[in-house]
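User: I would like to learn how to read the packing of a protein model, one feature after another. Could we begin with the structure itself on display?

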Amino acid sequence: MSRAPEEPSLAPGRRLRLRAAVVVGLAVAVAFVTLGVSFLFPRKYESQALVSVTVSGQVLSAQLVTGQLFANLPTPPALAQAFTQLISTRALTAALGTDRPDLIYDAKFDEKKGLLTLRANGGTPAEAKQRAEKLLGIAQTNLQDRLTDAARANAYSALEQARIDTKTAARILDDVRQVLRGAPRVAAAPGVAAGLEALKVDPAIARSPSPSYTYLSLQEAQQEAALAQARARAEALEGVLNEPDALRKLVGQALQVQVLAPPAEPLYPVSPRPLRAAALAGLAVMSLGVILALLRESTGGAQASTA
């Protein structure tokens, strides 16, 4: 039997053009399918707020009591980082009204710039803005609460120290008064003043008629002043601790939370993005098709040369 004549193979150029048309057609088809599917997904909008957090107690530290309250306060990076960690926990579920706040809200702190970025997403631009405003309010309250707790702890420590100072000053004052009651008021012998001044004694004491009595009198006045200061400090600290609103006002003066960019309604959704998704899908299919076509062409050429 005679063999049937083989069909002539296509020219290389025509074969490449045919494969290119197939690849382009497939890429366009996949792009349109991706575009259609993207419109089926619900849209998600994102709103964000940019906040600067600073803690300054320089003005308040000029006063004795407030200076003790705002000593060794947490740094702004520590406060902001602590709040960002709460987003992935259940600490804010009740305040934010969701069991999974990490799916809706996000918070990040840039240590180099000192900026806290708060983000929230929603099904509409208005919902995203509303959620971002809620997160901003919760962040401000949380930061102030943490700083208030630190200031309150400082106040309790300072109050305990003030009470110790009061007892110490009162005990020393009693000892000085007992010695003063028995101190003689006789005039000092000639030459005593010069000797005392040589020993670096205060000239006002050394030249007084009775140096010992004068010295004890000055000690009494100093201890009375120290006792009065300790009592005043203790009373002021007790007043601050007994009035939570006053403490929060002081903390509000030290904590500066400046909203650099308030939440706003976004113009475009963050997802899905149909045009971008369609373009990426079409480009991926086209790239894969070109690679496969080149591989097949090189394999076919190698087989033809071998035959």
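User: Which residues of the largest nonpolar core touch the most other members?

Analyst: First, a note on the basis: this is a predicted model, in which local features need pLDDT of at least 70 and side-chain atom pairs count only at pLDDT 80 or more, while totals for chains, interfaces and linings use all residues. Residues are numbered from 1 along each chain as its sequence is written, and side-chain values use heavy atoms, with hydrogens and water left out. In soluble globular proteins, nonpolar side chains tend to be buried together. A nonpolar core is here a set of buried Ala, Val, Leu, Ile, Met, Phe, Trp, Tyr and Cys residues joined through side-chain atoms within 4.5 Å, where buried means under 20% relative accessible area, exposed over 50% and partly exposed in between (1.4 Å probe, protein chains only). In this model the largest such core has 40 residues, and those that touch the most other members are Leu69, Phe70, Phe83, Tyr105, Leu118 and Leu135.

User: Which elements give two or more residues to this core?

Analyst: Elements are DSSP runs numbered from the N terminus, with helices (H or I) of at least four residues and strands (E) of at least two. Those that give two or more residues are β1 (45-55), α3 (76-86), β2 (105-110), β3 (115-122), α5 (125-181), α8 (211-242) and α9 (244-254). The most comes from α5, with 13 residues. The protein chain as a whole has 10 helices and four strands, and buried residues make up 31% of its 307 residues.

User: Is leucine 135 buried or exposed, and which residues is it in contact with beyond its sequence neighbours?

Analyst: Leucine 135 lies in helix α5 and counts as buried because its relative accessibility is 0%. Contact means heavy atoms within 4.5 Å, and, leaving aside neighbours within four places in sequence, leucine 135 is in contact with Phe83, Ile87, Leu96, Tyr105, Asp106, Leu118 and Arg119. Its C-alpha is 7.6 Å from that of alanine 120, which is 15 residues apart from leucine 135 in sequence. Tyrosine 105, with residues up to four places away again not counted, touches Ile87, Leu96, Thr98, Arg119, Ala120, Arg131, Lys134 and Leu135.

User: How do the axes of α3 and α5 cross?

Analyst: Two packed helices are described by the angle between their axes and the distance between the axes. Axes are lines fitted to C-alpha atoms, for helices over the stretch in contact, and angles run from 0 to 180 degrees between N-to-C directions. The axes of α3 and α5 come within 10 Å and cross at roughly 125°. That makes α3 oblique to α5, since angles under 35 degrees count as roughly parallel, over 145 as roughly antiparallel, 65 to 115 as roughly perpendicular and the rest as oblique. The contact involves Leu79, Ala80, Phe83 and Leu86 of α3, and Leu135, Ile138, Ala139, Asn142, Leu143, Arg146 and Leu147 of α5.

User: At what angle do the axes of α5 and α8 cross?

Analyst: The axes of α5 and α8 come within 8 Å and cross at roughly 155°, which makes α5 roughly antiparallel to α8.

User: Where is methionine 286, and which residues does it touch?

Analyst: Methionine 286 sits in helix α10 (residues 274-306) and counts as partly exposed because its relative accessibility is 33%. Not counting residues up to four places away in sequence, methionine 286 touches Val23, Val24 and Ala27. The C-alpha atoms of methionine 286 and leucine 26 are separated by 7.7 Å, although these residues are 260 residues apart along the chain.
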